[in-house]
Amino acid sequence: VKSKTKAKTALVSWIVGFFTMILLLAAMAQTIYFLRTKIATYYPATKVYLIQACEKIGCSIELPKKIDLIVIDDSDMQEDAEAIGLIHLTSTLINQASFTQAYPNIELTLTDIEDSPKLRRIFKPNEYLLNHHDVAKGLAAGEELKVKLAITAEGESVAGYRIFVSY
């Protein structure tokens, strides 16, 4: 009777251990799946393997989007001397992250003398990047990107502007 009880206890322990391992592996796979972008960002050596896995299961590894690590520096707005109502904005985007990030959208708001919005436009990366930049490669760590934007404000009195980055 004791040997049967020992055998049943060993079998139950083995089954519980087996299912515990299955659940642990499933939890690890889910964690990797949902955190794949962060894992690829902070552990770049794993990116190749994550891309291979994503090709098989139909997911993708996106570039990180930490907007608080992208700053706008040296922005300046000037009216075009030749074209009436055309305003040029130059600015510099700086990626302060230690990793490559996706290019952000640039939101430009032109304001009147009371700082009330008059015109607003969101520029997508493919609108403000020059032809030699590949949007898919992203903004490299520490990279500074000079941006030149043009917006038409014909018929509107503009006194100032606000510029933001967003995803």
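A surface patch here is made of residues with over 30% relative accessible area and no salt bridge, with nonpolar side chains joined within 5 Å. The legends below describe close-up views of a predicted model.

**View 1. A nonpolar patch on the surface that includes Trp 14.** Six side chains make up the patch: Leu 11, Trp 14, Ile 15, Phe 18, Phe 19 and Ile 22. Together they have about 620 Å² of accessible area. Trp 14 belongs to helix α1, which covers residues 2–34. With a relative accessible area of 56%, Trp 14 is classed as exposed, because the exposed class begins over 50%.

**View 2. The largest nonpolar core, a set of 20 residues.** The residues with the most contacts inside this core are Leu 93, Ile 106, Leu 110, Tyr 128, Leu 145, Val 147 and Leu 149. At least two core residues come from each of the strands β1 (70–79), β2 (86–95), β3 (105–111), β5 (144–152) and β6 (160–166). Strand β5 gives the most, with four residues. In soluble globular proteins, nonpolar side chains tend to be buried together.

**View 3. The surroundings of Tyr 128.** Leaving aside residues up to four places away in sequence, Tyr 128 touches Leu 93, Tyr 103, Pro 104, Ile 106, Phe 123, Leu 145, Val 147 and Leu 149.

**View 4. Thr 92 and its polar contact with Lys 146.** Thr 92 is a residue of strand β2. Its relative accessibility is 2%, so Thr 92 counts as buried, the limit for that class being under 20%. The side chains of Thr 92 and Lys 146 are joined by a polar contact of 3.2 Å. Not counting residues up to four places away in sequence, Thr 92 touches Val 71, Ile 72, Asp 73, Asp 74, Glu 144, Leu 145 and Lys 146.

**View 5. Asp 74, a residue other than glycine with a positive phi.** The phi angle of Asp 74 is near 55°. This aspartate lies in strand β1. Asp 74 counts as exposed because its relative accessibility is 54%. Asp 74 is also one of the residues that Thr 92 touches.

**View 6. Asp 115, a residue other than glycine with a positive phi.** For Asp 115, phi is near 65°. The residue is located in the loop between β3 and β4 (117–123). At 44% relative accessibility, Asp 115 is partly exposed.

Note on methods: Residues numbered from 1 in each chain as written. Predicted model: local features only at pLDDT ≥ 70, side-chain atom pairs only at ≥ 80, totals over all residues. Heavy atoms only, no water. Patch = residues over 30% accessible without salt bridge, like charges linked within 9 Å, V, L, I, M, F, W, Y side chains within 5 Å. Areas by Shrake-Rupley, 256 points an atom, 1.4 Å probe, with all protein chains shown as cover. Salt bridge = Lys/Arg side-chain N within 4 Å of Asp/Glu carboxyl O. Buried < 20%, exposed > 50% of the residue type's maximum accessible area, 1.4 Å probe, protein only. Core = buried A, V, L, I, M, F, W, Y, C linked by side-chain atoms within 4.5 Å. Contact = heavy atoms within 4.5 Å. Polar contact = N/O pair within 3.5 Å; in protein donor to acceptor, adjacent residues only side chain to side chain.
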